[in-house]
Amino acid sequence: MRKKKQGKKTERSSGRFEHIAEESEFYTASPSEQPLYEGNGRSSGNRVRKTGRHQAVEGRRKENFDPREKMALVAILKSIILIMLLVIAFFVLWKGVKIYEESVFQDAQTELETSPVLGEVALIEEFDIENQDARELFAERVEVWKEAERLVRSADALLNRNNLDQAIRRCQDALRLDPSHIGALERLGDLYFKKGLIVESINSYIRMLSIDPSRSDLQEKLIEVLSAHGDSKAVIYMARWYLESNTYDEDVQRHLANALFNEEEFVEAILACDRVLVDFPDDQRALEQKAKAYMLLEQYDQALEALDKLHEMNYRDMEYYQQIVVCNAQLGNSVETVQTLGKAAHLFGQQVVIGWIQDPRLDPVREDRSFQAFADRVGGEEFRKWLEKVART
């Protein structure tokens, strides 16, 4: 009986958990985590078994980027972008202002008022001292003269501070009030000349001479300004008038010689240069003009006299050597021509002299043996033959 009961109990007990064993893998699958008892065989209170959840947490902790650092970096980037935008906006604004200023300046230049010295001078009406209206008009004119004088004095103060533009404006204002103010005209003549406004300067001196033609200093300044303007004929007229009316002045004589040379009046230009050389025998400019004038007149022997003196003063001037070579060649002096060419080749190089030899003004000595030997030595036989062919054709 007991055996039968025990057998029934075992059957019941075995049948009670059969569905768990068949349906669940909890008891049949191999463990995925490390058993607690594996390891060194010793348990440690500080050691914690690493399960899958621990590993997942460790994986997240590897991202050690602080969110606050992210926010700081974003703030820095925003600041940089903002600064760049401000710089660009400032540059665009500055460029726009510059363009606007240039347009305004160009408009002002096109609409600039004509200088008072270029305008017409209004004639003074007949004045009757017995007339009350005329006396009142005279009193007003006196006040205008005082204001013009005050403006000229203020222009002098500006000139002491080297403020030329403001001084010009003050003198122009004074001239608008009094068109015949000598002080304003004289200052404007000098200031216009310094600023390169030659036409305005000429008109200033012409107006002053119209008021007082006896002033020799104004005549000299007008001659200088006309010479700077390149009006040679006007310089000749003014210089001759000055030399007839006043004592001799070497600067005026130099301007006259230069103007005569520019007008190709070479004979008179030589006479003017000789007058300068009487007082200044070593005047380089006068000697150069005299030599060039003689060469243009084909008076080469006279030109050589001036060139020899210039060569003594400056023996390293290349232009003097070339002119001496041309003069000697035109006079048929082959030996002197070759000697000068040899010195020039020693000082300036053979390539420079080769260029001179090709000058057609050397044709009179091209057939000379000494010249051909020099050309052969400097440029070679082929060069010499080429020169002979050029000379024949």
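Q: To how many salt bridges does the count come?
A: This is a predicted model, in which local features need pLDDT of at least 70 and side-chain atom pairs count only at pLDDT 80 or more, while totals for chains, interfaces and linings use all residues. Side chains of opposite charge can pair when their charged atoms come close. A salt bridge here requires a side-chain nitrogen of Lys or Arg within 4 Å of a carboxyl oxygen of Asp or Glu. Under this rule, the count of salt bridges is 18.

Q: In which helix does Glu186, the partner of Arg215, lie?
A: Residues are numbered from 1 along each chain as its sequence is written, and side-chain values use heavy atoms, with hydrogens and water left out. Arg215 and Glu186 form a salt bridge through their side chains, with an N to O distance of 3.3 Å. Their pairing links distant parts of the chain, 29 residues apart: Arg215 is in the loop between helix H8 (198-211) and helix H9 (216-229), and Glu186 is in helix H7 (residues 182-194). Helices (H or I, at least four residues) and strands (E, at least two) are DSSP runs numbered from the N terminus, and the helix that holds Glu186 is H7.

Q: Does Arg215 count as buried, exposed or partly exposed?
A: Buried means under 20% relative accessible area, exposed means over 50%, and partly exposed lies in between (1.4 Å probe, protein chains only). Because its relative accessibility is 21%, Arg215 counts as partly exposed.

Q: Which residues are linked with Arg215 in a network of salt bridges?
A: Glu186 pairs with Arg215 in a salt bridge. This pair belongs to a network of salt bridges, in which Arg215 is linked with Glu186, Asp190, Asp217 and Lys221.

Q: How many residues apart are Arg240 and Glu268?
A: A salt bridge joins Arg240 and Glu268, whose closest N and O atoms are 2.5 Å apart. The pair links distant parts of the chain, with Arg240 in helix H10 (residues 232-245) and Glu268 in helix H12 (residues 266-279), at a separation of 28 residues.

Q: Is Lys290 buried or exposed?
A: Lys290 makes a salt bridge with Asp274, and the closest N and O atoms are 2.8 Å apart. The two residues are 16 residues apart and link distant parts of the chain, Asp274 in helix H12 and Lys290 in helix H13 (residues 284-296). Asp274 has a relative accessible area of 24% and is therefore partly exposed. Because its relative accessible area is 18%, Lys290 is buried.

Q: How are H11 and H13 oriented to each other?
A: Axes are lines fitted to C-alpha atoms, for helices over the stretch in contact, and angles run from 0 to 180 degrees between N-to-C directions. Helix H11 (residues 250-262) packs against H13 at about 25 degrees, with the axes 11 Å apart. Angles under 35 degrees count as roughly parallel, over 145 as roughly antiparallel, 65 to 115 as roughly perpendicular and the rest as oblique. H11 and H13 are therefore roughly parallel.

Q: How many charged residues are in the contact of H11 with H13?
A: Contact means heavy atoms within 4.5 Å. Here Ala257, Asn258 and Phe261 of H11 meet Arg285, Gln289, Lys292, Ala293 and Leu296 of H13. Ala, Val, Leu, Ile, Met, Phe, Trp, Tyr, Cys and Pro count as nonpolar, Asp, Glu, Lys and Arg as charged, and the others, Gly among them, as polar. The contact residues divide into 4 nonpolar and 2 polar, while the number of charged residues is 2.

Q: How many nonpolar residues are in the contact of H6 with H7?
A: Helix H6 (residues 164-177) and H7 pack at about 145 degrees, with their axes 9 Å apart. H6 contributes residues including Leu164, Ala167 and Ile168, and H7 contributes residues including Ala184, Leu185 and Arg187. With 1 polar and 1 charged residue in this contact, the number of nonpolar residues is 11.

Q: What distance separates the C-alpha atoms of Glu220 and Tyr242?
A: Glu220 lies in helix H9 and is partly exposed, with a relative accessible area of 28%. Leaving aside residues up to four places away in sequence, Glu220 touches Tyr242, Asp249 and Val252. Glu220 and Tyr242 are 22 residues apart along the chain, and their C-alpha atoms are separated by 7.8 Å.

Q: What percentage of the residues in the protein chain is buried?
A: The protein chain has 19 helices and 0 strands. Of the 393 residues in the chain, the buried share is 29%.
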